[in-house]
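This briefing is for a reader who is meeting the structure for the first time. Please look over the sequence and the model, then read the notes below.

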Amino acid sequence: MTQNATSDLTETLRKQIIRWVELESPSHDSASLRQMAELILSEIKDSALQVEQIDLGPETGPILHIHNRASGDDRAGILVLGHYDTVHPIGTLEQNPCRQEGDQLFGPGIYDMKSGVVLALSALKELAKPEDTQLPIDLVLVPDEETGSHYSRDHIEAFAKKSVYTLVCEPARVEEGRCVTARKGTGAIFVTAHGRPSHAGIHHEKGRNAIEEIAHHVLALEKLTDYEKGITVSVGVIKGGTTSNVVPAWCQIKADFRVPNAEMADYLEQQVKQLTNINPDIRIEVEFKLNRPAMDRTEATAALLARCQDYALQAGFELKEAPMTGGASDANFTAALGIPTLDGLGADGNGAHTLKEHILVSTLAQRRQFWVHTLAQLD
Ligand SMILES: [Zn+2]
């Protein structure tokens with residue numbers, strides 16, 4: 001591309017990204033999510049792309065399925081996955097407006113992942129006709145990734161099963177915009193203790209203290225962290241008790257866990273299921289819930305990476321690979337189905353989920369061209 005063409009493209013992308021960021025769309029606000037979905041659709045109304053919406057009920061927004069399939073073409077294609085929700089509540093923009101400082105463009109959700117979706121969508125608009133790509137392209141945008149994709153998971157998996165490859169628009173990793181080939185699996189552990197209430201002063205001996213019981217399990221769970229095995233367990237929430245002069249009858253903890261593969265998920269589950277009550281008069285319940293299975297770096301992933309590295313060179317940059325990350329995404333679902341999956345192909349920047357979230361404007365045109373080359377040539 002000539003320098004003029006690059007700067008025009010950068011400016012178009014930059015303006016589009018600002019429009020998207022200035023429409024806040026937190027995961028829990030279905031009205032805002034619907035507005036965001038409308039905005040996205042309005043950006044492609046003059047193109048030849050096809051759109052289908054999947055309604056997920058009143059609590060969230062729809063899934064947008066934007067594709068360049070000819071009618072009746074049901075070949076397996078390339079699934080491009082993105083999300084249009086953000087972790088930032090309405091009002092974040094007021095304290096933290098969209099603004100540029102040097103090469104950095106700041107705003108809530110700009111890096112994770114509105115810019116990533118803008119890049120992929122912009123490329124797909126250029127490849128809107130079936131003959132523009134080797135394989136049909138299915139861009140699927142979900143409204144609930146940041147809260148675990150509970151509404152959209154079944155649909156994501158159904159789309160993935162019909163794909164040859166899945167490419168995910170999550171942000172590129174800090175330091176050189178690296179892509180992601182492996183992610184840990186993630187889930188939650190709940191331990192609930194049911195004790196017996198009593199007056200803390202008059203009948204102390206009759207009480208069975210649920211908080212005391214849970215204290216043992218906090219320590220036991222934290223001890224399951226094993227950095228060498230790649231397992232982390234972090235007790236993040238504790239609830240229990242009513243007031244200090246009542247021996248508490250109930251207490252519950254919720255812990256986050258991360259595992260590098262399915263084997264370690266099974267191992268951790270075994271360990272957790274061995275937790276038993278310390279006080280014989282207190283009953284405990286233990287729940288182990290794997291939300292996103294680990295994304296393994298398979299040989300097919302490595303082959304896909306090598307091809308995408310070629311497309312990146314065509315776009316003028318070197319696509320490097322990040323080490324396994326502890327953060328999960330919808331890529332975990334598709335990779336666990338055995339679909340070669342590459343993630344972290346969105347915008348380059350830093351500060352996901354914080355008020356310092358930003359992208360690097362100078363990388364936009366290249367990364368968008370990467371999507372054009374990849375979607376057009378991958379077969
Ligand atoms: Zn994200």
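This is a predicted model: local features need pLDDT of at least 70, side-chain atom pairs count only at pLDDT 80 or more; totals for chains, interfaces and linings use all residues.

Ser-149 has 26 other C-beta atoms within 10 Å, and since 20 or more is the cut-off, Ser-149 counts as buried. Ser-149 is found in the loop between strand 6 and helix 5 (153-161), and its phi is near 55°, a positive value in a residue other than glycine.

**Backbone exceptions**

- Most residues other than glycine have a negative phi, and most peptide bonds are trans.
- His-353 is a residue other than glycine with a positive phi, near 70°.
- The loop that holds His-353 runs between strand 15 (349-350) and strand 16 (358-360).
- His-353 has 15 other C-beta atoms within 10 Å, so this residue is partly exposed; the class covers counts between 12 and 20.
- A cis peptide bond is found between Asp-112 and Met-113, with omega at about -10°.
- Met-113 belongs to helix 4 (residues 110-126).

**Overall form**

- The protein has ten helices and 16 strands.
- A compact globule of 379 residues would have a radius of gyration near 21 Å, and the 23 Å of the protein agrees with this.
- Along the principal axes, the C-alpha atoms fill a box of roughly 80 × 45 × 40 Å.
- Buried residues make up 42% of the 379 residues.
- Of the contacts with a separation of 6 or more, 78% are between residues 24 or more positions apart.

**Two domains**

- Domain 1 takes in residues 3-183 + 295-377, and domain 2 takes in residues 185-292.
- The centres of domain 1 and domain 2, taken over C-alpha atoms, are separated by 37 Å.
- Seven residues from domain 1 and eight residues from domain 2 take part in the contact between them.
- On the side of domain 1 that touches domain 2, there are three nonpolar, three polar and one charged residues.

**Strand 3 and its partners**

- How many residues of strand 3 (residues 77-83) are buried? Seven of the seven are, so strand 3 is largely enclosed by the rest of the structure.
- Strand 3 runs parallel to strand 7 (residues 163-168), and five bridges join the two.
- Ile-78 has Tyr-165 of strand 7 standing opposite.
- Strand 3 is also joined to strand 6 (residues 137-142), by six bridges and in the parallel sense.
- Gly-82 has Leu-141 as its bridge partner in strand 6.

**The sheet 10-12-8-13**

- Strands of a sheet pair through backbone hydrogen bonds, either parallel or antiparallel.
- Here four strands in the order 10-12-8-13 make an open sheet with antiparallel pairing.
- Strand 10 (232-240) and strand 13 (283-292) are the edge strands, each pairing on one side only.
- From one strand to the next, the twist averages 15°.
- Eight bridges link strand 10 with strand 12 (residues 250-259) in the antiparallel sense.
- The bridge partner of Thr-232 in strand 12 is Arg-258.
- Helix 6 (residues 210-222) packs on this sheet, where it touches strand 8 (185-194), strand 10, strand 12 and strand 13. The direction of helix 6 makes about 10° with that of strand 12.
- Helix 7 (residues 262-273) lies across strand 8, strand 12 and strand 13, and runs at about 170° to strand 13.

**The sheet 4-5-16-15**

- Which order do the strands of the other open sheet described here take? The order is 4-5-16-15, a sheet of four strands with antiparallel pairing.
- The edge strands are strand 4 (99-101) and strand 15, and each of them pairs on one side only.
- Strand 5 (residues 104-106) pairs with strand 16 over three bridges, in the antiparallel sense.
- Leu-105 has Ile-359 as its bridge partner in strand 16.
- Helix 4 packs on this sheet and touches strand 5, strand 15 and strand 16. The direction of helix 4 makes about 50° with that of strand 16.

Technical notes: Residues are numbered from 1 along each chain as its sequence is written. The radius of gyration is taken over C-alpha atoms; the globule rule is 2.2 Å times the number of residues to the power 0.38. Two residues are in contact if their C-beta atoms, placed from the backbone, lie within 7 Å. Domain bounds come from an automatic or database domain assignment. Ala, Val, Leu, Ile, Met, Phe, Trp, Tyr, Cys and Pro count as nonpolar, Asp, Glu, Lys and Arg as charged, and the others, Gly among them, as polar. Two strands pair if DSSP finds at least two bridges between them. Axes are lines fitted to C-alpha atoms, for helices over the stretch in contact, and angles run from 0 to 180 degrees between N-to-C directions.
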